[in-house]
Amino acid sequence: MALPEPVIQRGIAIAGENPMIILYRPGSDEIVLLVSMWTAKYSPVGAGRALLIWADPSGTGLGSAAPIGMYADNPELAQYVWERFYRDYDTIRGRGIETRPPAPARFTEVSGGDRFHRITCVSGPTTIELEWRDVLDTFQVLTRLTGYETSAIARPCATAEVRVNGVPAQGEIHQPEGWFGSSAALAFAETWREI
């Protein structure tokens with residue numbers, strides 16, 4: 001039996017992981033925290049990690065410690081992700097994330113299977129911990145966005161938490177929401193291809 005010929009496509013803009021967390025003021029549709037965490041295994045500007053985050057100081061209860069901006073171990077990656085993939089995403093644009101250069105950061109990652117997934121970002125005196133818990137499902141999402149075809153393995157989670165220097169941000173996730181079914185979702189094997 002002959003093997004079928006593979007389909008070869010070029011124009012890969014990024015490949016890796018892109019989990020996210022959106023927290024809302026309890027009982028409302030008001031966003032109090034946005035997190036987009038990128039781990040690039042491949043991009044034209046190299047591999048690395050970039051955390052894009054916006055937290056409402058009062059809505060999250062974090063006050064002056066509420067992080068707003070980009071943190072990265074590859075600053076070019078943070079700028080690349082911002083310019084290429086958020087130009088049409090009104091939910092995150094206009095919140096001041098891009099107003100400062102990316103802060104240098106170190107990242108660690110721990111996975112507990114379906115129970116939890118944790119990424120820690122350390123930048124100077126600031127430690128930001130992202131934790132997704134209780135995976136609900138696993139499925140593939142294929143989309144066509146402005147100029148891109150995307151593919152990701154989505155793993156929506158029942159709960160999520162963001163801690164800044166050990167203090168948890170106040171807020172709740174929404175279910176169902178969006179393509180992933182939760183405002184807290186892991187996204188693995190994510191690939192963006194130019195079309």
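## Cavity, pocket and buried residues

A search of the whole structure, which is a predicted model, turns up one cavity of 30 Å³ or more. Residues are numbered from 1 along each chain as its sequence is written, and side-chain values use heavy atoms, without hydrogens and water. Because the model is predicted, local features need pLDDT of at least 70 and side-chain atom pairs count only at pLDDT 80 or more, while totals for chains, interfaces and linings use all residues.

Rolling a probe the size of a water molecule over the atoms shows where empty space is left. On a 1 Å grid over the protein atoms alone, a cavity is a set of points where a 1.4 Å probe fits but cannot get out; a pocket is an open set with protein on both sides within 12 Å along at least five of seven lines; lining residues have an atom within 4 Å of a point. Points are joined across faces, edges and corners, and a volume is the space filled by probe spheres set on them.

The lining of the largest cavity consists of I14, A15, G16, E17, N18, W38, T39, A40 and E190. Two or more of its residues come from each of β1 (12-17) and β3 (31-42), and β1 gives the largest share, four residues. Strands (E, at least two residues) and helices (H or I, at least four) are DSSP runs numbered from the N terminus.

The largest pocket has 30 lining residues, with N18, Y89, L145, W179 and W192 nearest its centre. At least two lining residues come from each of β2 (20-24), β3, α1, β10 (139-145), β11 and β13.

Helix α1 spans residues 75-85, and L77, A78, Y80, V81, W82 and F85 in this helix are buried (under 20% relative accessible area with a 1.4 Å probe, protein chains only; exposed is over 50%, partly exposed in between). These buried residues pack against β1, β3, β4 (48-55), β5 (68-72), β11 (148-164) and β13.

S182 sits in the loop between β12 (167-168) and β13 (184-194). S182 counts as buried because its relative accessibility is 1%. Leaving out residues up to four places away in sequence, S182 touches M20, P156, C157, I173, H174, Q175 and E177, where contact means heavy atoms within 4.5 Å.
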